Amino acid sequence: MPGPSPGLCRASLGLWAALGLGLLGLSAVAQEPFWADLQPRVALVERGGSLWLNCSTNCPRPERGGLETSLRRNGTQRGLRWLARQLVDIREPETQPVCFFRCARRTLQARGLIRTFQRPDRVELVPLPAWQPVGENFTLSCRVPGAGPRGSLTLTLLRGAQELIRRSFAGEPPRARGAVLTATVLARREDHGANFSCRAELDLRPHGLGLFENSSAPRELRTFALSPDPPRLAAPRLLEVGSERPVSCTLDKLFPASEAGVYLALGDHRLSPEITLEGDALVATATATANAEQEGARQLVCSVTLGGESRETRENVTVYSFPAPVLTLSEPSAPEGKVVTVTCAAGAGALVTLDGIPAEVPGQPAQLQLNATEDDDERSFFCDAVLEVAGETLSKNKSAELRVLYAPRLDDSDCPRSWTWPEGPEQTLRCEARGNPTPSVHCERPDSGAVLALGLLGPVTRALAGTYRCTAANVQGQAVKDVTLTVEYGPSFEEPSCPSNWTWVEGSGQLFSCEVDGKPEPSVECIGSEGTSEGMLLPLASSDSNPRVPSISSDLAPGIYICNATNRHGSTVKAVAVSTESPPQMDESTCPSHQTWLEGAEAAALACDARGRPSPQVRCSREGVPRPQRLRVSREDAGTYHCLATNMHGTDTRTVTVGVEYRPVVAELAASPPGGVRPGGNFTLTCRAEAWPPAQISWRAPPGALNIGLSSNNSTLSVAGAMGSHGGEYECAATNAHGRHARRITVRVAGPWLWVAVGGAAGGAALLAAGAGLAFYVQSTACKKGEYNVQEAESSGEAVCLNGAGGGAGGGSVAEGGTEAAGTAEEQAGGEVFAIQLTSA
């Protein structure tokens with residue numbers, strides 16, 4: 001069994017205290033009247049809650065007692081003069097329990113009061129209309145069912161956090177439960193999208209309890225304003241098949257315009273409009289495209305919907321087909337004198353007109369013929385077509401141009417016979433010719449061949465003066481005309497502007513500006529007074545930015561210039577310090593484009609420098625593979641180098657080609673066939689040298705060796721019909737500016753000589769006579785030091801004149817196929833060495 005509640009315990013303690021006092025003063029108590037008591041006498045319990053009631057008396061020996069109530073009981077506890085009972089599930093708004101005891105044949109009673117309260121658990125705001133017109137009233141209604149007592153209840157209607165109306169139900173009967181609050185509100189624009197709600201407050205703080213609050217779910221209000229006027233529809237009355245035309249639908253006094261729906265359609269084809277909002281105005285624009293199936297009368301419909309209401313406008317549109325006319329020329333480009341036919345035609349129902357002359361009936365073409373002349377060149381023909389559609393006259397036209405081909409004409413208006421120009425200012429010389437195709441014009445002086453640069457802007461100099469023959473030509477022919485150019489000269493100069501210090505950068509073209517205020521406008525002249533500028537005139541910039549004012553050349557001298565501005569009222573003087581600087585500049589003199597190094601020499605940097613102020617820095621790098629660091633020059637250092645000069649005013653670049661030259665070396669000296677040759681046989685000696693610049697090849701043959709042939713570059717020595725005199729030592733020498741190198745090889749001629757004896761005395765005598773005569777001829781005529789034409793001498797006796805008379809004597813002993821050191825072979829050879837020099841045949 002559950003224990004007594006805290007209230008019951010307190011009541012029990014009070015009862016025992018009373019009984020103790022009664023025992024202490026029994027005589028006094030006996031004299032007091034008897035009573036019954038109920039605690040708590042007044043109670044406020046939440047609906048559905050429970051409560052312990054304590055019923056007690058001061059009667060010493062009550063006969064019986066009890067607690068009368070209609071409420072459900074859950075348990076009872078008793079004593080001699082008291083009882084406690086728990087009441088559960090209390091739902092009655094108000095009940096009066098009665099506590100009674102029977103004492104000394106009297107009934108003692110104590111009546112209590114139990115009231116219930118219910119929190120505002122349900123707060124309901126009646127749904128709002130889906131759309132509410134601006135300026136009209138709507139109703140806000142709030143219900144709080146079951147909450148009470150109503151006298152302690154307060155309801156508040158809110159717009160957002162703003163209180164619209166607040167009502168307290170104080171003074172209502174205690175048994176009253178639930179409440180309703182209704183208000184009428186005028187819909188405004190600013191209420192669109194606003195949240196409305198209801199707040200309920202049950203204030204039981206005066207009864208020792210708290211303040212109970214609850215609010216309804218917010219409801220959004222959507223307000224709108226829709227103009228009673230229909231939309232304004234802008235659309236064409238006529239729409240051509242295949243064309244696109246804009247249409248627009250506009251409606252003002254629309255709120256909120258962003259939530260309006262637009263329906264735009266042409267006939268049964270719905271358009272896709274683009275919506276533009278401007279305040280309370282809505283503009284829907286779309287492109288209407290007609291096809292052949294829609295030809296005829298159609299309706300363009302625009303409907304705007306907002307808040308469940310619509311405004312609609314309809315317009316009639318006629319869809320029609322009207323192809324453009326066709327204009328044809330039998331020959332668009334006709335030679336002069338050719339007959340040309342022009343035809344203008346259009347579709348059925350259209351009336352065409354060709355150059356103002358109409359066709360006989362609609363649907364038929366119009367035509368004309370002409371004999372083409374120069375005056376008809378670029379003549380335009382116009383073809384107009386007219387069609388009636390829905391009471392409106394429509395027209396289309398087409399044009400075409402005739403080109404007539406004719407020979408050039410040089411008229412005085414386009415190419416004057418005489419020109420007079422002042423010297424100096426740039427002018428455009430013109431000599432134009434008529435003709436089709438457009439003729440080319442060429443003007444040339446017959447005496448010197450000088451040509452005028454026609455149509456180009458350029459300076460006029462007195463050297464241009466003279467008579468020119470101008471020729472105009474095209475595929476149809478040509479025309480010739482003499483014109484005379486007279487050049488007049490006399491300089492003009494204009495100068496304003498003036499800071500005290502001015503730095504001029506060479507090549508910038510910048511002019512000095514010196515502005516002086518005055519009327520009439522002063523004339524200004526700046527003359528050097530100190531340093532290198534003394535007596536020199538400083539060019540000035542023109543105040544009107546005339547492009548014909550020349551720019552400063554590269555020879556402006558720095559120094560102090562005195563600028564004197566003068567008009568009829570006096571003059572003023574100002575000193576100007578002028579300094580000059582220049583961007584980097586490299587040329588052939590400072591950085592030669594071709595430089596030569598000698599292999600084996602001490603490695604050095606490129607000979608590359610640059611002019612400029614301040615002094616530029618020059619850096620050179622090799623193209624491709626970087627140049628390795630080495631102490632001596634190698635032929636691998638040859639290649640292309642890029643040099644870059646830099647200072648604060650810019651850069652300049654230069655490409656340098658480095659060639660590495662080296663001393664000659666005879667890399668190969670070979671005989672074919674190797675090992676020797678039979679008498680009467682052929683042999684060839686090949687000499688190959690490595691050198692740069694390429695080496696000159698020279699040969700030294702054994703004494704008496706005849707009929708020796710050399711190739712064009714002397715690299716090959718050949719003998720046809722070898723004799724004993726061809727046997728011996730041959731030397732090949734390679735020579736260039738850096739030295740000489742030679743190698744030697746021995747040729748042996750061996751075999752049967754019986755044929756010489758068998759030939760008989762006559763043959764031998766003839767052979768000896770021929771050899772002696774040839775030797776005499778060679779010694780007397782061919783064997784001279786000098787140059788020979790190899791092409792002529794290759795098969796003659798002159799080709800063997802490589803050595804002097806003593807060429808075979810002296811010299812050092814060199815092994816077969818051996819070499820000599822460069823520069824020593826000449827000294828070791830006993831006689832003179834004659835080389836064949838190649839010359840033009």
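A residue is called buried when its relative accessible area is under 20%, exposed when over 50% and partly exposed in between, with a 1.4 Å probe and protein chains only. The model is predicted, so local features need pLDDT of at least 70 and side-chain atom pairs count only at pLDDT 80 or more, whereas totals for chains, interfaces and linings use all residues. Residues are numbered from 1 along each chain as its sequence is written, and side-chain values use heavy atoms, with hydrogens and water left out.

Select the aromatic rings next. Rings of Phe, Tyr and Trp (its six-membered ring) pair if their centres lie within 6.5 Å; planes under 30 degrees apart are stacked, over 60 edge-to-face, and the rest tilted. The count by this rule is five aromatic pairs. One of them, W597 with Y641, is tilted, at 6.3 Å centre to centre and 55° between the planes. This pair links distant parts of the chain, with W597 in strand β50 (residues 594-598) and Y641 in strand β53 (residues 639-647), 44 residues apart; strands are DSSP runs (E, at least two residues), numbered from the N terminus. W597 and Y641 are both buried.

Move to F683 and Y730, whose ring centres are 6.1 Å apart with planes at 70°, so the pair is edge-to-face. F683 belongs to strand β55 (residues 683-692) and Y730 to strand β59 (residues 728-736), 47 residues apart. Both F683 and Y730 are buried.

Finally, select K396: its charged end sits over the ring of F322, 5.3 Å from the centre. The criterion is NZ of Lys or CZ of Arg within 6 Å of the ring centre and within 35 degrees of the ring normal. R445 likewise lies over the face of Y468, 5.9 Å from the ring centre.

Conventions. Helix = DSSP H or I, 4+ residues; strand = E, 2+ residues; numbered from the N terminus.
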